[in-house]
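Here is a short briefing on helix packing and on a pocket. Please keep the model open while reading.

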Amino acid sequence: YYATDGDLDDVKAELADKPKPKHLDDAVGRAAQYGNVDALKLLLAAGAGFTDRGSPDEHKSCPLSRAKVGLEFIQIALAAGAKPGTCPDSQTLIYEKVRFGQGDDAEIAQIVSALRGAGWPAETKPDHAKVTPLQVAEKNKKPLTAAALR
């Protein structure tokens with residue numbers, strides 16, 4: 001809970017109790033809910049990852065897909081080894097960031113570039129979506145994001 005928007009001293013106290021790896025991964029998901037970069041740094045230093053070890057396979061998800069996860073959070077995650085193979089159910093991550101991401105065109109473009117550099121595909125969309133990430137960027141008049149997708 002403290003990893004969401006709680007006091008970092010509380011996060012440190014919880015980490016001092018040496019939580020199980022699955023609980024650390026759960027806490028990364030909680031930090032992602034609020035885009036809590038400082039909590040993410042503490043969790044990663046304690047051995048957390050992005051594999052969602054605490055969830056059954058059918059419920060695993062990539063914490064980077066959370067709406068409040070911005071550029072800095074993603075950059076830290078990528079530096080810590082987050083990639084398509086370690087972030088479950090993330091094949092449409094770029095689509096989600098283009099369609100629902102917070103930030104201006106420049107920030108979304110940087111997010112797209114970072115994710116593409118880490119191996120996420122630019123053109124993948126959810127089965128229910130009728131448009132590609134590029135079409136979403138163009139429709140929403142985000143030329144920098146569109147350029148990053150090309």
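Helix 2 (residues 8–16) packs against helix 4 (residues 37–45) at an angle of about 15°, and their axes are 10 Å apart. This is a predicted model. Helix 4 also packs with helix 3 and with helix 5. The points below take each pair in turn, then the pocket.

**Helix 2 with helix 4**

- The angle is about 15°, and angles under 35 degrees count as roughly parallel, so helix 2 and helix 4 are roughly parallel to each other.
- Their crossing is right-handed.
- Helix 2 contributes L8, V11, K12 and L15 to the contact, and helix 4 contributes D38, A39, L42 and L43.
- Sorted by class, this contact of helix 2 with helix 4 holds six nonpolar residues, two charged residues and no polar ones.

**Helix 3 with helix 4**

- Helix 3 and helix 4 have their axes 9 Å apart and pack at an angle of about 165°.
- Angles over 145 degrees count as roughly antiparallel, so helix 3 is roughly antiparallel to helix 4.
- The crossing of helix 3 and helix 4 is left-handed.
- On the helix 3 side, L24, A27, V28 and A31 make the contact; they meet A39, L40 and L43 of helix 4.
- The contact of helix 3 with helix 4 has seven nonpolar residues, with no polar and no charged ones.

**Helix 4 with helix 5**

- Helix 5 covers residues 71–79 and packs with helix 4 at an angle of about 10°, with the axes 10 Å apart.
- Helix 4 and helix 5 are therefore roughly parallel to each other.
- V37, L40, K41 and L44 of helix 4 make the contact with E72, F73, I76 and A77 of helix 5.
- The class count for the contact of helix 4 with helix 5 is six nonpolar, no polar and two charged.

**The largest pocket**

- The volume of the largest pocket is about 260 Å³.
- It is lined by 13 residues, and those closest to its centre are Y1, E14, P19, H23 and A27.
- Helix 1 (2–5), helix 2 and helix 3 (21–34) are the elements that each give two or more residues to the lining.
- Helix 3 supplies the largest share of that lining, with five residues.
- By class, the lining of the largest pocket comprises nine nonpolar residues, one polar residue and three charged residues.

Methods. Residues are numbered from 1 along each chain as its sequence is written. This is a predicted model: local features need pLDDT of at least 70, side-chain atom pairs count only at pLDDT 80 or more; totals for chains, interfaces and linings use all residues. Side-chain values use heavy atoms; hydrogens and water are left out. Axes are lines fitted to C-alpha atoms, for helices over the stretch in contact, and angles run from 0 to 180 degrees between N-to-C directions. Helices (H or I, at least four residues) and strands (E, at least two) are DSSP runs, numbered from the N terminus. Angles under 35 degrees count as roughly parallel, over 145 as roughly antiparallel, 65 to 115 as roughly perpendicular and the rest as oblique. A crossing is left-handed if the near helix is turned anticlockwise from the far one by less than a right angle, and right-handed if clockwise. Contact means heavy atoms within 4.5 Å. Ala, Val, Leu, Ile, Met, Phe, Trp, Tyr, Cys and Pro count as nonpolar, Asp, Glu, Lys and Arg as charged, and the others, Gly among them, as polar. On a 1 Å grid over the protein atoms alone, a cavity is a set of points where a 1.4 Å probe fits but cannot get out, and a pocket is an open set with protein on both sides within 12 Å along at least five of seven lines; lining residues have an atom within 4 Å of a point. Grid points are joined across faces, edges and corners, and a volume is the space filled by probe spheres set on the points.
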